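Have the viewer open as you read.

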Amino acid sequence: MSQVTQAFRDHHSELAKQLSDYAASFMQDKSTADPQAFAAFLKNDLVSHAAGEEAELYPIVDELVRAHGKPTDTMRVDHKYIESYVAQIEATAREFAGAAPDKQNALRAKLGKLGLELDALFKVHLAKEEEVYLPLFEQYVSAEAQQRVLDAMHENHGGATMQQIDVRVIPPVQRHALIFKTFEALGSGEKFELVNDHDPKPLYYQFSAERAGEFTWDYQEQGPQVWRVYIGKP
Ligand SMILES: [Fe+2]
Ligand SMILES: [Fe+2]
């Protein structure tokens with residue numbers, strides 16, 4: 001790494017640290033937090049840094065990306081950060097499910113903070129796709145090819161069209177009722193996915209006892225960390 005790029009990184013971490021510190025000071029210690037200093041920092045340091053980059057650095061980066069880079073790499077970085085937030089939120093939700101009542105408020109606050117941070121990141125990410133990518137796509141890709149992309153998105157990446165019950169994040173007392181309620185609501189030929197951190201064999205025996213011949217049970221993954229089963233009506 002050159003000394004100059006190191007200087008950029010150092011300045012970035014200094015800005016990021018100050019921003020986090022200001023934000024934390026307003027969240028925690030309401031008495032000493034200084035709104036004027038916060039606003040001045042943003043205007044004088046953070047916004048002027050961005051203006052400097054647009055004037056001096058980005059014109060060169062435009063050329064470099066055209067010659068040696070991949071323009072969507074920046075968006076892939078966003079996706080990586082989004083996934084890491086999702087993983088943190090999932091882990092906190094799991095912790096919440098097993099937490100004593102006196103620990104739950106702290107975990108709720110943590111979920112709120114993670115949610116707000118992800119919200120800010122996601123908004124910027126969507127704005128980039130909608131302000132930069134989609135207008136290009138609309139202008140330069142034929143209507144048929146646009147439709148093919150949309151269809152492929154729906155077909156291959158449509159997310160959970162099937163309902164999922166992640167037992168790891170549901171308090172034990174609610175599990176049984178939710179699972180059977182979901183099962184009852186299925187139409188013939190429909191299924192839902194059950195996710196657990198151990199083999200849900202006892203549930204299988206329960207279904208066998210109460211719904212013999214009326215249910216299907218197909219393991220999708222069998223440990224060692226995660227068990228996934230499709231439970232359906234034949
Ligand atoms: Fe920067
Ligand atoms: Fe995206």
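Predicted model: local features only at pLDDT ≥ 70, side-chain atom pairs only at ≥ 80, totals over all residues.

Residues are numbered from 1 along each chain as its sequence is written, with chains lettered from A and ligands numbered from 1 in the order in which they are written.

**The whole chain**

The chain holds seven helices and four strands; helices (H or I, at least four residues) and strands (E, at least two) are DSSP runs numbered from the N terminus. Read from that end, the order of elements is α-α-α-α-α-β-α-β-α-β-β. The radius of gyration, taken over C-alpha atoms, is 25 Å, well over the 17 Å that the globule rule (2.2 Å times the number of residues to the power 0.38) gives for 234 residues, so the chain is more spread out than a compact globule. Along the principal axes, the C-alpha atoms fill a box of roughly 70 × 55 × 30 Å.

The domain assignment, which is automatic or from a database, gives domain 1 (1–69), domain 2 (70–159) and domain 3 (164–232). Between domain 2 and domain 3, the C-alpha centres lie 28 Å apart.

Four strands form an open sheet in the order 1-2-4-3, with mixed pairing. Strand 1 (164–166) and strand 3 (216–222) are the edge strands, each with a single partner, so one side of each has no neighbour in the sheet. On average, neighbouring strands are turned by 20° against each other, direction ignored. Two strands count as paired if DSSP finds at least two bridges between them, and the pairs are as follows.

| Strand pair | Direction | Bridges |
|---|---|---|
| Strand 1 and strand 2 | parallel | three |
| Strand 2 and strand 4 | antiparallel | six |
| Strand 3 and strand 4 | antiparallel | six |

**The core**

Which residues make up the largest nonpolar core? I165, I179, F183, L194, V229 and I231 do, six residues in all. Such a core is a set of buried Ala, Val, Leu, Ile, Met, Phe, Trp, Tyr and Cys residues joined through C-beta atoms within 7 Å. A residue is buried if 20 or more other C-beta atoms, placed from the backbone, lie within 10 Å of its own, exposed if 12 or fewer, and partly exposed in between. Helix 6 (172–185) and strand 4 (227–232) each supply at least two of the core residues. Over the whole chain, 3% of the 234 residues count as buried.

Strand 3 and strand 4 form a hairpin with four residues between them, and G223 in the turn has a positive phi of about 75°. The peptide bond from G223 to P224 is cis, with omega near 5°.

D199 sits in the loop between strand 2 and helix 7 (201–210). Is D199 buried or partly exposed? D199 counts as partly exposed, because it has 13 C-beta neighbours inside 10 Å. Leaving aside residues up to four places away in sequence, D199 touches Q222, G223 and W227, where contact means C-beta atoms, placed from the backbone, within 7 Å.

Terms used:
Axes fitted to C-alpha atoms, helices over the stretch in contact; angles between N-to-C directions. Contact = placed C-beta atoms within 7 Å.
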